Amino acid sequence: MKEFDINVDVKTESIGILNEAIENIMRDEGASEAKIISIDVAIDEIFSNIIFYSGLKEDDKALIRVTVEDDDEKKITLEFIDTGKPFNPLERPEPDVTKPAEEREIGGLGIFMVKKSMDHVSYRHEDGKNIFTIMKKI
């Protein structure tokens, strides 16, 4: 098992920093470009939620703990950890994707895409911290 901790400021510029760092880890582990892109999309959505809904300021920090395991199959797990106000995006109702875009309510599509593209997604609030976890087999 390999574990990496990435501390970043809670601001939009940090999304690119996270994408680059995690892309490098995934490439080193032999992940396909398609799997890397799906993780990039998830990072963008999850970290955007932290930026916009946590109540944290730009100079506050968030921790992204990256774990790569290669037991029976290789997988990467990302834990997004912040000290903002509790916010569980998984509690939002799923968007009705059968409706045309102009008829859907705003919000929820990004997390819906994360849930559909990852092998595991969870949220918990523990010790004053939001912990949003995604896992993808690579």
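**View A. Glu33 and its partner Arg27 in a predicted model.** Glu33 has a relative accessible area of 43% and is partly exposed. The structure shown is a predicted model. A salt bridge links the side chains of Glu33 and Arg27, with 3.1 Å from N to O. Arg27 is also partly exposed, at 39% relative accessibility.

**View B. Arg27 and Glu23 in helix H1.** Arg27 forms a salt bridge with Glu23 as well, and their closest N and O atoms lie 3.6 Å apart. The two residues are four apart in helix H1, so about one helical turn separates Arg27 from Glu23. Glu23 counts as buried, with a relative accessibility of 18%.

View C. Five strands form an open sheet in the order E1-E2-E3-E5-E4, and their pairing is antiparallel. Strands E1 (2-9) and E4 (120-126) are at the edges with a single partner strand each, so one side of each has no neighbour in the sheet. On average, neighbouring strands of this sheet are turned by 15 degrees against each other, direction ignored. Helix H1 (residues 13-28) lies across E1, E2 (61-70) and E3, and runs at about 165 degrees to E1.

**View D. Strands E3 and E5.** Strand E3 (residues 74-82) and strand E5 (residues 129-137) run antiparallel and are joined by eight bridges. Phe80 has Phe132 in E5 as its bridge partner.

**View E. Glu126 and Arg124.** The side chains of these residues, Glu126 and Arg124, form a salt bridge at 3.2 Å, N to O. Glu126 is partly exposed at 37% relative accessibility, and Arg124 is partly exposed with a relative accessible area of 34%. Elsewhere, salt bridges with shared partners join Lys2, Glu29 and Lys74 into one network.

Notes:
Residues numbered from 1 in each chain as written. Predicted model: local features only at pLDDT ≥ 70, side-chain atom pairs only at ≥ 80, totals over all residues. Heavy atoms only, no water. Pairing = 2+ DSSP bridges. Axes fitted to C-alpha atoms, helices over the stretch in contact; angles between N-to-C directions. Contact = heavy atoms within 4.5 Å. Salt bridge = Lys/Arg side-chain N within 4 Å of Asp/Glu carboxyl O. Buried < 20%, exposed > 50% of the residue type's maximum accessible area, 1.4 Å probe, protein only.
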